[in-house]
Amino acid sequence: METKKALLIINPVSGTRSKKGVGQTVTNHLRNFGIEVIVKETKKSGDAFTMACKAVEQNFDMVITAGGDGTVNEVANALAFSNCVLGILPFGSGNGLARSVGVPQDLFGALKLIENGNVLTCDRGIANQQPFYCTFGIGFDATVSEKFASMKRRGRITYIRSAFREFLNYHSQPYAIVIKGKVITEKALLIAVCNAPQYGNNAYIGPKAKLTDGLLDITVVHADNPFHTLLMSMDMFTGMLDKNRGIGTFKVPQLTIIRTSEGPVHLDGEPFHMGKKLDIKCEGKALKVFAPEKQSEFTPFISPIRAILDDMRYDVMDKFRRRSESK
């Protein structure tokens with residue numbers, strides 16, 4: 001059996017789950033399947049990108065990440081349009097790309113995909129020359145992302161609190177959406193450009209988006225009063241958001257969004273500042289990722305409930321694992 005080379009990049013400070021012993025566990029496990037693993041840890045932002053670029057230059061077969069969405073994106077940007085495959089061990093708080101391609105949320109389930117070797121070639125989005133793999137957003141969610149990034153405590157509860165506080169003072173903004181020369185004027189709470197169905201944490205902002213169709217799903221959220229927003233939040237977690245009357249949706253390969261002033265945006269949850277004009281397009285077949293051989297079709301209610309139950313099962317398993325390690 002031919003030995004394959006893998007680089008495992010661990011971000012020790014990202015996410016909310018312990019990574020203690022992960023390097024040794026992954027190395028020992030994958031060696032049984034003819035995969036030799038070199039382990040490296042990041043120390044600062046940008047390290048994962050640099051490490052992954054060197055792995056591509058040195059003809060590694062794969063780069064595996066143990067970190068959050070930011071680490072995954074750095075590595076994905078380095079591997080884009082190469083033959084090096086991305087393996088994701090989901091240790092982040094959102095795990096957007098991992099969930100979207102069907103990576104199990106437990107460590108050994110994710111390793112099983114790498115053992116099996118099935119590869120999915122995904123599209124990516126580009127916004128003003130900056131890549132994203134799940135979602136690009138402007139408006140309310142971009143503002144929340146910017147505030148959340150500055151907080152010391154992370155996690156789902158902190159994000160919800162931050163979003164609620166911001167919503168009390170946020171108002172819809174005017175936007176012009178340009179598609180094939182046609183201008184659509186919208187006043188929106190937020191606009192999400194989706195290459196994948198969800199932000200992460202099973203929040204389906206573009207439930208019909210597909211990673212391999214060469215198109216971007218645009219979700220325009222119009223409502224901004226508390227009652228309508230609460231209903232839309234519930235629809236987002238049931239996968240029914242596109243059925244809500246306060247939502248506008250369409251599929252396009254590219255578009256331009258023009259706003260009244262420069263300000264925050266987010267790329268897969270990471271905050272950036274961009275100008276008034278935002279040129280966005282889909283780049284097909286950009287990234288190779290280890291994924292299940294058969295991609296599950298999304299079903300409203302059923303798919304989100306299944307994902308929540310899987311998360312609960314993993315959380316219980318993770319608690320037992322930590323307990324046994326502390327003894």
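Biologist: Which residues line the largest cavity?
Modeller: The model is a predicted one. A search of the whole structure finds 1 cavity of 30 Å³ or more, and about 30 Å³ of space lies in the largest cavity. Helix 3 (69-79) and helix 4 (96-101) are the elements that give two or more residues to its lining. The residues that line the largest cavity are Asp69, Asn73, Gly96, Leu97, Cys134, Tyr199 and Asp268.

Biologist: Asp268 belongs to a hairpin of strand 14 and strand 15. What phi does Asp268 take there?
Modeller: Strand 14 pairs with strand 15 (residues 270-274) in the antiparallel sense, over 5 bridges. The hairpin of these strands has 2 residues between them. Within that hairpin, Asp268 takes a positive phi, near 55 degrees.

Biologist: Which residue of strand 15 is the bridge partner of Leu267?
Modeller: Strand 14 covers residues 263-267, and its antiparallel pairing with strand 15 runs over 5 bridges. One of the pairs places Pro264 with His273 as its bridge partner in strand 15. For Leu267, the bridge partner in strand 15 is Glu270.

Biologist: Which residue in strand 14 is the bridge partner of Gly137?
Modeller: Strand 14 also pairs with strand 7 (residues 135-139), and these two run antiparallel, joined by 3 bridges. Gly137 has as its bridge partner in strand 14 the residue His266.

Biologist: How many of the residues of strand 14 are buried?
Modeller: A residue counts as buried when its relative accessible area is under 20%. By that criterion, strand 14 is mostly covered. The count of buried residues in strand 14 is 5 of 5.

Biologist: Consider the hairpin of strand 8 and strand 9. Which residue takes a positive phi in this hairpin?
Modeller: Strand 8 (residues 173-179) and strand 9 (residues 182-188) form an antiparallel pair with 7 bridges. Within this pairing, Ala176 stands opposite Thr185 in strand 9. The hairpin has 2 residues between its strands, and the residue with a positive phi, near 50 degrees, is Lys180.

Biologist: Let us turn to the second largest pocket. Which element supplies the largest share of its lining?
Modeller: About 890 Å³ of space lies in the second largest pocket. Its lining comprises 32 residues, of which Arg99, Ser100, Val101, Gly102 and Ser296 lie nearest the centre. At least two lining residues come from helix 4, and at least two from helix 9. The largest share, 7 residues, comes from helix 9.

Biologist: What is the accessible area of the nonpolar surface patch that includes Met312?
Modeller: Met312 is placed in helix 9 (residues 302-326). The patch is formed by Phe301, Ile302, Ile305, Ile308, Leu309 and Met312. Together these residues have an accessible area of about 590 Å².

Biologist: Which residue forms a salt bridge with Lys208?
Modeller: The structure holds 9 salt bridges. In the one formed by Lys208, the closest N and O atoms are 3.5 Å apart, and the partner is Asp242. The pair links distant parts of the chain, 34 residues apart: Lys208 is in the loop between strand 10 (190-194) and strand 11 (216-221), and Asp242 is in the loop between helix 8 (226-238) and strand 12 (247-252).

Biologist: Why does the salt bridge of Lys251 and Asp217 tie together parts that are apart in sequence?
Modeller: The side chains of Lys251 and Asp217 meet at 2.8 Å, N to O. Because Lys251 lies in strand 12 and Asp217 in strand 11, the pair ties together parts separated in sequence by 34 residues.

Biologist: Which residues do salt bridges with shared partners join into one network?
Modeller: Lys243 and Asp242 also meet through their side chains in a salt bridge, at 3.4 Å, N to O. Lys243 is exposed, its relative accessible area being 51%. The network formed by salt bridges that share partners joins Lys208, Asp242 and Lys243.

Methods
Residues numbered from 1 in each chain as written. Predicted model: local features only at pLDDT ≥ 70, side-chain atom pairs only at ≥ 80, totals over all residues. Heavy atoms only, no water. Patch = residues over 30% accessible without salt bridge, like charges linked within 9 Å, V, L, I, M, F, W, Y side chains within 5 Å. Areas by Shrake-Rupley, 256 points an atom, 1.4 Å probe, with all protein chains shown as cover. Salt bridge = Lys/Arg side-chain N within 4 Å of Asp/Glu carboxyl O. Helix = DSSP H or I, 4+ residues; strand = E, 2+ residues; numbered from the N terminus. Buried < 20%, exposed > 50% of the residue type's maximum accessible area, 1.4 Å probe, protein only. Pairing = 2+ DSSP bridges. 1 Å grid on protein atoms, 1.4 Å probe; cavity = no way out; pocket = protein on both sides within 12 Å on 5 of 7 lines; lining within 4 Å. Points joined across faces, edges and corners; volume = space filled by probe spheres on them.
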